[in-house]
Amino acid sequence: MIAATPPVIPNYGTAHGCIANDNALFCTTWIRQHWHDTLAPAIVQHLWLTAIAVGIGFAIAFLAALVAHRYGFLAAPFGVFSAFLYTIPSIALFQLLVPVTGITVTTIEIGLVGYTLLILFRNTLAGLRSAPPEVLEAARGMGLTRMQILRRVELPLALPAISAGIRIAVVTTISLATVAAYITPYGLGKPIFDGLQINYRTEYVVAGLLAISLALLADAVLVVAQRRLTPWARRRATG
Amino acid sequence: MALSATDSAAEIVFDRATKRYPGRPQPAVNELSLTIPAGEICVLVGPSGGGKTTAMKMVNRLISITEGDITIDGTSVRSLDLTDLRRGIGYVIQQVGLFPHLTVGDNIGTVPRLLGWPKKRIRASAAELLELVGLEASDASRYPGQLSGGQRQRVGLARALAANPPLMLMDEPFGAIDPITRERLQDEFLRLHREFRKTVIFVTHDIDEAIKMGDRIAILHQGGILAQYDTPDEILAHPADEFVERFVGADRGLKRLSLRRLRDVELEPAGDAGSDAPRMPASTTLHDALSRMLTEGAHEVVAVDKDDEPMGMLSLRRISDLLQERITA
C-alpha cells in the first residue's frame with residue numbers, strides 16, 4: 001500500500017518531512033525547495049507557449065477575417081475549417097504531429113495555434129461586421145475610401161469583439177498547454193505529468209493551481225487593456 | 001470664420017437623370033429634370049417608392065446614375081473623382097451615423113482631417129461649429145453614446161458643415177426626432193441657412209416639413225416621376241394634378257397660410273379693429289392668426305411690433321381674399 005511505501009521522488013533527491021511521510025496536498029517545504037528549479041521556469045515556459053500560440057493564431061485569424069470580410073463567400077469555408085481543427089481531440093492531434101515535427105515545442109505550438117483559430121477568426125469577423133449600417137453609409141457619404149473605412153471605422157469598432165476573442169483564446173490556451181506536456185515536457189504541464197506519474201500530490205496540485213492563477217491573471221490584464229483601448233464603450237455604460 | 005455668407009453655393013441641375021435596377025421593369029427614378037438655384041433649399045418629397053432618396057443619393061453617387069446626368073455648377077458628378085465629389089458635399093442622414101468610437105470633436109473633424117487641415121484649425125472649427133448648431137464647445141470631448149437624439153443630429157449637422165461644402169444632402173434629417181425637438185431643429189436650420197446660404201437637397205415624406213423647409217418642392221410619385229416642381233405657395237395654390245392635390249391634402253388653403261406672416265401682408269389700419277381684438281406679434285403666421293380668431297370668436301387680429309405698438313390689423317375677410325389671389329413670389 002501507499003502508506004507502507006513512501007513515495008519515491010527520483011527527480012528531487014532525498015525526500016524528507018511532508019514529502020516523505022504523508023504525500024501532502026500542499027507541502028510548502030517542497031514548493032520552497034523547487035520553486036527555482038521547477039516551478040518558476042515552468043511558469044515562464046508556459047507564458048511563452050501561450051503568447052506565441054495566441055500571437056501566431058491571431059495573425060493568421062486576423063488576416064483570414066480581413067479576407068473573409070472583403071470576400072464574403074470565403075467566410076463559410078474559413079469558419080468550417082477552423083471549426084474542424086477545433087474538433088480534433090487534442091491528445092490525438094499532438095500525437096499525430098510527432099512523426100512530422102518530433103517531440104518538440106513546435107509540435108505543441110502547431111496544435112495550440114490550431115485551437116485558437118476558431119474563436120479568433122469568428123470574433124474578429126463578427127467584430128468587423130458589427131459596424132452599424134448607418135455609420136458605414138455616413139462614412140461612404142463623407143468620402144472615406146474603402147481602406148479608410150476599414151482602418152478608421154471598422155477596425156476600431158471591432159476591438160471589443162477582437163479582445164473578447166483574445167481573452168477566450170488566452171485562457172483556453174493556458175489550460176490546453178498543460179495537456180500538451182503529455183507529448184513534449186514543457187511548461188506547467190511538465191510538473192503536472194511528473195507529479196501524476198510518481199503519484200506525488202503537491203507537485204501536480206501546485207502546478208495546476210499555478211495554471212489556473214495564470215489564466216485568471218492574464219484575463220484580468222486583458223480586461224484592463226481592453227477598457228483602455230475602447231474608452232467609448234466604457235463611457236457609454238456609465239454615461 | 002468657418003462659414004460665411006460670401007461662400008459660394010452651387011447650382012445643381014438634374015438632366016433626365018434616371019436610375020434603373022436590373023430585373024425591374026420600372027425605373028426607380030425616371031428622367032428627372034430640375035434645376036436647383038444656388039443657395040436654395042430644394043425638398044424632394046413623395047410617397048415611399050417615389051425614388052426621392054434614390055434621386056438624392058445619385059448626386060453623391062452612393063447610387064450610380066443609369067442614364068442622364070447631374071451637374072454641380074456645370075460639372076458632371078460622373079466626371080469627378082468619387083472621394084473628391086463626396087468630400088465636397090455635406091451629408092446628413094436620419095440615423096445620423098456618428099462614429100461611436102470617436103469624440104464629438106473628432107467626428108466633426110472627419111472630413112477636414114481627410115483634407116489635411118492642420119490640427120489647430122480642425123479643433124477651432126469644431127468648437128465654432130458646435131456653438132453654431134447650439135451645443136457647447138466643451139461637448140467636443142464627449143462621445144456620441146452620451147448624447148440625446150437631438151444633440152446627435154446637431155453634431156451630424158456640424159460634421160456635414162465642417163469642410164464648408166457648397167452643397168448639402170439631407171436624408172430625412174429630423175425624421176427620428178421627437179416633434180418638439182424636430183420643430184426647434186427645423187427652425188434653427190432655417191435660421192442657419194439664411195446665414196450660410198448653401199444649396200440644400202432635403203428629402204422627407206412629410207409634406208408639412210417640405211412646405212416649411214423648402215424654397216422649392218419637387219413632388220415625386222411612384223416610379224420616380226416628377227409630378228410638380230415649384231415653390232411651396234404655387235404647389236398649394238395650383239397643384240399640377242390630382243395626385244399632387246391629394247398629396248398636399250384637402251387643407252392646402254390653410255397650409256398656404258402658414259407660409260406667410262402678418263408682417264408679409266398689407267394690413268388694414270389698426271384703428272378699425274375692435275377694442276377686444278387679439279394682439280399678436282408681426283412674426284405670427286396667418287395660419288396661427290386665423291386659429292386665434294376662430295378660437296376667440298374675433299373677426300380680426302392686431303399685429304404689434306417688438307415694442308407692442310400696433311402696426312395694423314388683419315380681418316377674416318382679408319385672409320379669405322388673400323387665398324383667392326395668386327401670390328407672386
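Analyst: An axis here is a line fitted to C-alpha atoms, for a helix over the stretch in contact, and an angle runs from 0 to 180 degrees between N-to-C directions. The model is predicted.

In chain A, the axes of helix 2 (residues 28-70) and helix 7 (residues 146-180) come within 9 Å and cross at roughly 135°. Helix 2 of chain A and helix 7 of chain A are therefore oblique to each other. The crossing of helix 2 of chain A past helix 7 of chain A is right-handed. On the side of helix 2 of chain A, the residues in contact are A:His46, A:Leu49, A:Thr50, A:Ala53, A:Val54, A:Gly57 and A:Phe58. Helix 7 of chain A contributes A:Ile166, A:Ala169, A:Val170, A:Thr173, A:Ile174 and A:Ala177. By kind, the residues of this contact between helix 2 and helix 7 of chain A are 9 nonpolar, 4 polar and no charged.

Chain A also meets chain B, in a contact that takes 17 residues from chain A and 19 residues from chain B. On the side of chain B, helix 2 (82-87), strand 6 (89-93) and helix 4 (110-114) each supply at least two residues. The residues on that side of chain B comprise 9 nonpolar, 8 polar and 2 charged.

Strand 6 of chain B leads on to a sheet. In chain B, 6 strands form an open sheet in the order 6-7-8-3-9-10, with mixed pairing. Strand 6 and strand 10 of chain B each have a single partner strand and stand at the edges, so one side of each has no neighbour in the sheet. On average, neighbouring strands of this sheet are turned by 15° against each other, direction ignored. Helix 1 (residues 52-59) of chain B packs on the sheet and touches strand 3, strand 7 (167-171), strand 8 (199-204) and strand 9 of chain B. The direction of helix 1 of chain B makes about 150° with that of strand 8 of chain B.

Within this sheet, strand 9 (residues 216-221) of chain B is mostly covered, with 5 of its 6 residues buried. Strand 9 of chain B pairs with strand 3 (residues 41-45) of chain B in the parallel sense over 4 bridges, and B:Ala218 is the bridge partner of B:Leu44. With strand 10 (residues 225-230) of chain B, the pairing of strand 9 of chain B is antiparallel, over 5 bridges. There B:Ile217 stands opposite B:Asp230. Strand 9 and strand 10 of chain B form a hairpin with 3 residues between them, and B:Gly223 in its turn has a positive phi of about 85°.

Chain B has another open sheet, of 4 strands in the order 2-1-4-5, with antiparallel pairing. Its edge strands are strand 2 (29-36) and strand 5 (75-76) of chain B, each pairing on one side only. Strand 1 (residues 12-19) of chain B runs antiparallel to strand 2 of chain B, joined by 5 bridges; B:Val13 stands opposite B:Thr35. Helix 1 of chain B lies across strand 1, strand 2 and strand 4 (67-72) of chain B, running at about 120° to strand 1 of chain B.

Conventions: Residues numbered from 1 in each chain as written. Chains lettered and ligands numbered in written order. Predicted model: local features only at pLDDT ≥ 70, side-chain atom pairs only at ≥ 80, totals over all residues. Parallel < 35°, antiparallel > 145°, perpendicular 65-115°, else oblique. Left-handed = near helix turned anticlockwise from the far one by under 90°. Contact = placed C-beta atoms within 7 Å. Nonpolar A, V, L, I, M, F, W, Y, C, P; charged D, E, K, R; others polar. Buried ≥ 20, exposed ≤ 12 C-beta atoms within 10 Å, placed from the backbone. Pairing = 2+ DSSP bridges.
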